[in-house]
Amino acid sequence: ERGNRRRRHRRQSRMRTLTLLAIVCVVAVCLRAGAATSGSDALASWMREMKIDVSKLHRADFIGYGPGSEAAVDIKAGDEIARVPVGTFLSSKSGRDSVFPKLVEAYPDVNDQLVLALMLLRERRAASSPYRAWMDSFPRTFSTPLYFSESEMSELKGSSLHALTRTRLEQLKKTHEIVSTFMHANYSEVFPDESLSFEDFKWAISVVAAR
């Protein structure tokens, strides 16, 4: 009985974490779109279609941090602030189990970030993706050191950030080389002609990391 209670507790904890991650991801992306534009109109329509409710929040700009969300109404402890149906999730579990099982079989230790990044690229390439409006709302580039120009990187020389960024870029390039070759060989319907560029790969990794 004690073992059953522990298992139930772990399942409940995982569900709470999954729900929180989904809320954070959807709210962070959806509310960054801003005021009335064709893109944000499409995103709002998509949210209604998917029955995503973030009506207790609205978009706000935070100095030094950029766009985000803040409470539109008084929110008390225990209140539900957003509702995101499970069917709207892009999860690493579905990526491992049904989308890219060959990848997991070949590389059992592949991390969730990489699986989710590949799922984003898959949806981004699919003309009829149900996530199209959401995908179109993502930033095209980032202000992180991975996107610094050579002149900007030179300003970091002598700092630990310079070394860390160079190391991270080299790691990403090596991973990209392995993954792009594997995906073309095993999932050519999604990644034909080794078309997974490093820039696309870096973008997808950055989107996942930012959320």
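This is a predicted model: local features need pLDDT of at least 70, side-chain atom pairs count only at pLDDT 80 or more; totals for chains, interfaces and linings use all residues.
**Reading ring pairs and helix packing**

Colleague: Okay. How many aromatic pairs does the structure hold?

Modeller: Eight. In general, you describe a pair of aromatic rings by how far apart the centres are and by the angle of the planes. Take F100 and Y187: their centres are 5.2 Å apart and the planes make 85°, an edge-to-face pair. This one links distant parts of the chain, 87 residues apart, with F100 in the loop between α3 and α4 and Y187 in the loop between α8 and α9.

Colleague: And what kind of pair do F142 and Y147 form?

Modeller: A tilted one, at 5.7 Å centre to centre with 50° between the planes.

Colleague: Why does F142 count as buried? And why does Y147?

Modeller: Buried means under 20% relative accessible area. F142 has 16% relative accessibility, so F142 counts as buried. Y147 comes in at 18%, so Y147 counts as buried too.

Colleague: Which residues do ring pairs link into a cluster?

Modeller: Look at W46, Y131, W134, F138 and W203; ring pairs join them up.

Colleague: Now lysines. Which residue lies over the face of Y187?

Modeller: That's K102, 5.5 Å from the ring centre. For F198, the residue over the face is K173, at 6.0 Å from the ring centre.

Colleague: Let's look at H176. Where is its place, and is H176 buried or exposed?

Modeller: H176 sits in helix α8. Its relative accessible area is 13%, so H176 is buried.

Colleague: Which residues does H176 touch, not counting residues up to four places away in sequence?

Modeller: On that count, H176 touches L196, S197, F198 and F201. With F201, the C-alpha to C-alpha distance is 6.8 Å, although H176 and F201 are 25 residues apart in sequence.

Colleague: Last one: how do I read two packed helices?

Modeller: You describe them by the angle between the axes and the distance between the axes. Here, α3 (residues 92–99) packs with α5 (residues 112–125) at about 75°, the axes being 8 Å apart. Angles from 65 to 115 degrees count as roughly perpendicular, so that's what α3 and α5 are to each other.

Colleague: Which residues in α3 and α5 meet?

Modeller: From α3, you've got S92, S94, G95, R96 and V99; from α5, D112, V115, L116, M119 and R122. Sort the residues of that contact and you get four nonpolar, three polar and three charged.

How values were computed: Residues are numbered from 1 along each chain as its sequence is written. Side-chain values use heavy atoms; hydrogens and water are left out. Axes are lines fitted to C-alpha atoms, for helices over the stretch in contact, and angles run from 0 to 180 degrees between N-to-C directions. Helices (H or I, at least four residues) and strands (E, at least two) are DSSP runs, numbered from the N terminus. Angles under 35 degrees count as roughly parallel, over 145 as roughly antiparallel, 65 to 115 as roughly perpendicular and the rest as oblique. Contact means heavy atoms within 4.5 Å. Ala, Val, Leu, Ile, Met, Phe, Trp, Tyr, Cys and Pro count as nonpolar, Asp, Glu, Lys and Arg as charged, and the others, Gly among them, as polar. Rings of Phe, Tyr and Trp (its six-membered ring) pair if their centres lie within 6.5 Å; planes under 30 degrees apart count as stacked, over 60 as edge-to-face and the rest as tilted. Buried means under 20% relative accessible area, exposed over 50%, partly exposed in between (1.4 Å probe, protein chains only). A charge sits over a ring if NZ of Lys or CZ of Arg is within 6 Å of the ring centre and within 35 degrees of the ring normal.
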